[in-house]
Amino acid sequence: MIMNKLIDHMFCISRCKKQWDKQTRHLFPMSSCEPQLYLSVCIAQEKIGLVLWNPYTHILQYMPDSPFSLEDKWLKQSLFSNDRLVILITEPSLKFISSIVGTDKFHISSGIQTEIIPQSYYSEQFLMDSHQVMSISFMPNTLGDFGRKTFIKSLFPANSKLVLRALSGLLYRLTRNADDLHLTLNQNILDIVDVQLLQRQHMLFVDKSAMKYLQIIDFHETYKVSKGILPSEANISPTLFKILNHCLTTQGTAELRKWMGSPISSEEIITRRLDAVEFFLGGKGTQLLSEIRTVLKRVGNTQKIILRMQTSSAIPSDWRIIIHTLDAMEALITMCKPYCEKLYPVQELFLAKFDPAIIGSVKSWLIHVIDTEKTEKEQRFVVRRGVDTTLDKWNETYACLPDLLSQLAEDELGKLRENIRTCGLIYFPLVGYLLKIPKVEVETPDIQLSGLEFAFTDNEMAYYRNETTRILDQRYGDVMYAIVDAETTIMHHLQDRLLIYTQSILQASQFAAEIDCLCAFAMAAKHMEWTRPKIVDENCIHIYKGWYPIQQTVSTNIIKNSFYSDGSKHKITLLTGPNGSGKSIYMKTIALITYLTHIGSYIPAEGAKISTFDAIHILTGTDSTERDNCSTYMMALQMASVALRNLTSKTLIIMDEFAKSVNKLELDALTIAMAEFLLLKNECPYTIIATHNHKILRQLQMYGPQVQYLTMRTVPHEGRVVCLYEAVNGLNLRSEAISTANAIGLPEKITERALSLKDFLSTIPTSRMKNRNKRVKTVLKLLHGTDTGSGGITLDKIFNSNFHELLESLD
């Protein structure tokens with residue numbers, strides 16, 4: 001459902017294209033020159049990456065790797081509405097899409113062109129090998145081959161491998177038929193004027209590196225769980241997902257992961273979720289919450305079962321689970337329907353023309369046909385008595401066979417010679433009924449006995465045919481196989497009938513998943529004592545006594561801090577304080593409270609007023625994401641590039657020791673330049689910068705009330721600095737790194753040695769100080785005339801020298 005909203009905005013480019021038509025129709029009179037948009041699609045591991053190219057504006061837009069699943073209906077609603085779209089896609093991705101929208105419908109849609117690109121051209125390697133055909137207007141001309149490759153990768157968020165592969169497929173298609181490009185330079189150049197984030201409508205952009213920094217989701221652990229590897233309790237790291245995941249169903253957990261992976265910026269949707277959570281936390285909603293969670297425990301993984309049925313690979317337990325699930329979903333809909341005004345999933349369910357009677361009807365005839373007790377006991381599909389008369393007769397016969405075979409075996413024993421004391425009758429599938437005699441009781445098992453025809457032997461028994469076994473074969477034959485075949489046929493008919501109602505069942509399953517997520521939000525808010533944020537139209541972040549939710553799970557000592565910033569002033573916050581004073585935690589708290597608001601959750605604060613945002617960017621010097629052959633500094637610059645090229649007044653940027661691995665002077669220059677760039681923009685984003693540097697402070701002072709200064713409060717105690725982890729107005733540019741090291745338990749000998757080294761190193765003149773001292777000596781020589789030995793001031797020597805320049809250089 002979220003992808004529906006996403007793609008609606010993604011194809012707002014279609015509306016822009018219509019405006020383009022009106023403005024440029026005189027340039028291209030007839031349809032032969034009407035513009036085409038090229039959409040390159042790459043789907044892998046239930047994720048999708050898109051690249052959209054307009055060959056007339058020469059703007060390349062991309063949608064970062066996003067969750068994608070079989071429930072998404074955006075292809076039906078959006079792709080077919082654009083009559084000049086050329087879809088570039090691989091064969092596997094096309095099959096995946098066709099399974100969603102239907103192959104026939106996908107191909108017969110008027111105006112839609114679909115081109116299959118070979119899988120080998122959807123690769124980063126092909127993109128890097130072909131990068132020379134791209135001409136990017138803002139790429140420095142001095143870059144070499146490696147620099148060009150690095151620059152191209154830096155235009156996209158880290159870990160957007162599908163986007164790079166989609167760009168590779170687009171590049172192959174455009175260079176294959178260069179005549180279609182209408183290029184201004186030559187037929188071998190792809191001229192790109194700008195690269196833009198395809199901002200998804202009503203979506204908050206938070207990339208993977210930001211989610212990892214904020215401890216929202218542990219992607220490595222998610223990957224291991226998806227592969228069936230369950231981490232031990234000792235290896236589980238605390239994340240926001242674990243705090244919120246009170247879901248009781250598999251679909252609910254998957255839906256929660258989608259909600260958290262794709263936060264929204266629609267005030268309407270956020271408010272509806274918050275209203276539902278608030279309802280569950282008070283009055284009648286509290287009792288309903290308990291009842292709903294009891295019912296949700298009986299909901300199975302419907303989507304997985306239906307997928308197995310579609311491939312005729314359902315297992316016996318699936319039938320029991322689907323019956324219990326349908327019964328639970330029917331009860332859930334009945335329970336929630338009276339509160340449709342409070343619970344928006346109920347409204348959406350019935351607006352989609354859902355018929356709840358279908359769920360009850362499907363459940364009824366499943367119960368009528370399937371004997372669930374015997375199915376579970378015998379681990380095979382068993383049909384109830386009374387469904388098929390022929391099957392009932394075979395079952396009656398089969399039920400009587402054990403007694404009949406025992407009686408016939410006694411009769412056969414009387415016909416055998418005296419030295420044979422035991423025998424029995426047994427049935428072998430596809431072989432028939434045989435008389436079995438222990439091998440020790442026959443001298444030569446393979447020799448024909450009187451009236452017996454030898455069949456075969458095993459380790460203990462010899463098997464024979466006689467007149468009795470032949471009569472059994474004729475009368476009863478493969479009765480068990482006949483029963484299994486009949487029940488299998490009935491199962492397939494039942495399965496086909498159930499799949500007719502797949503859409504209704506999946507609608508009910510999606511409803512249960514969303515209700516499960518809302519209940520999870522309510523449980524987390526109740527357990528963690530969170531409050532409801534207030535969504536406002538004015539551009540602001542006002543947080544009153546907020547705290548870090550991850551810390552709340554491991555400590556009872558919670559530090560509460562406030563933060564105020566609005567559109568008229570204080571758009572940039574300079575945060576100072578010693579190492580270990582809580583600067584990073586404070587910034588994470590602000591970002592997480594903003595993020596939680598945008599998924600419709602309660603927040604860890606006593607109160608908050610927050611407007612809707614379009615992106616949260618984290619610029620940090622830590623190695624918070626991975627990319628091949630890319631240093632920490634390059635990763636930091638890449639994140640900064642994406643943020644600065646796509647920011648608006650509704651963007652939140654966190655700069656936590658940005659690019660701290662580089663030269664300090666260059667880092668200061670970069671940080672100041674970025675801060676000034678943000679301040680001078682008409683739409684300055686909300687920015688929080690953590691620093692120890694007084695140069696940054698001095699440079700930003702000229703911007704007055706646009707910048708606010710906060711510091712983490714400290715107090716001296718017994719010769720050391722104690723951090724109180726409280727954010728207050730003010731400045732503190734001392735890092736106190738050695739004091740912090742001592743406080744966390746570093747050996748005292750090391751910290752004492754560090755203090756002495758600090759004093760010693762501070763006395764060593766730097767190259768800049770050496771140059772200044774040299775200039776001072778030169779001035780003194782000129783003033784005292786020591787170069788002539790006269791001891792007096794020689795005016796002509798002073799005026800004929802660079803005396804004035806030297807004096808100015810000392811300022």
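In helix α18, the buried residues are Ile 358, Ile 359, Gly 360, Val 362, Lys 363, Trp 365, Leu 366 and Val 369. This is a predicted model, so bear that in mind throughout. Their cover includes α16, α22 and α23. On length, α18 has 14 residues, which at 1.5 Å a residue should span 20 Å; the end C-alpha atoms are 21 Å apart, so the two agree.

Next is α22, which is among the elements covering α18. Helix α22 runs from residue 479 to 499, 21 residues in total. From first C-alpha to last it reaches 30 Å, close to the expected 30 Å. Its buried residues are Val 479, Met 480, Ile 483, Ala 486, Glu 487, Ile 490, Met 491, Leu 494, Gln 495 and Leu 498. As background, an α-helix has 3.6 residues a turn, so residues three or four places apart point the same way.

The axes of α15 and α22 cross at roughly 125° and come within 10 Å. That angle makes α15 oblique to α22, and the crossing is left-handed. On the α15 side the contact uses Ile 306, Met 309 and Gln 310; on the α22 side, Gln 495, Leu 498 and Leu 499. By class, that contact has four nonpolar residues, two polar and no charged. Gln 495 and Leu 498, both in this contact, are also on the buried list for α22.

Helix α14, residues 284–296, packs with α23 at about 130°, the axes being 11 Å apart. So α14 is oblique to α23, and α14 passes α23 in a left-handed crossing. From α14, the contact residues are Leu 289, Ile 292, Arg 293 and Leu 296. They meet Ala 512, Ile 515, Asp 516, Cys 519, Ala 522 and Met 523 in α23. The class count here is eight nonpolar, no polar and two charged.

Last, the strand residue. Ile 192 lies in β7, residues 190–192. Is Ile 192 buried or exposed? Its relative accessibility is 1%, and the cut-off for buried is under 20%, so Ile 192 counts as buried. Leaving out residues up to four places away in sequence, Ile 192 touches Trp 53, His 58, Leu 60, Met 134, Ser 135, Ile 136 and Ser 137. With His 58, the C-alpha separation is 5.2 Å, across 134 residues along the chain.

Terms used:
Residues are numbered from 1 along each chain as its sequence is written. This is a predicted model: local features need pLDDT of at least 70, side-chain atom pairs count only at pLDDT 80 or more; totals for chains, interfaces and linings use all residues. Side-chain values use heavy atoms; hydrogens and water are left out. Helices (H or I, at least four residues) and strands (E, at least two) are DSSP runs, numbered from the N terminus. The expected span of a helix is 1.5 Å times one less than its number of residues. Buried means under 20% relative accessible area, exposed over 50%, partly exposed in between (1.4 Å probe, protein chains only). Axes are lines fitted to C-alpha atoms, for helices over the stretch in contact, and angles run from 0 to 180 degrees between N-to-C directions. Angles under 35 degrees count as roughly parallel, over 145 as roughly antiparallel, 65 to 115 as roughly perpendicular and the rest as oblique. A crossing is left-handed if the near helix is turned anticlockwise from the far one by less than a right angle, and right-handed if clockwise. Contact means heavy atoms within 4.5 Å. Ala, Val, Leu, Ile, Met, Phe, Trp, Tyr, Cys and Pro count as nonpolar, Asp, Glu, Lys and Arg as charged, and the others, Gly among them, as polar.
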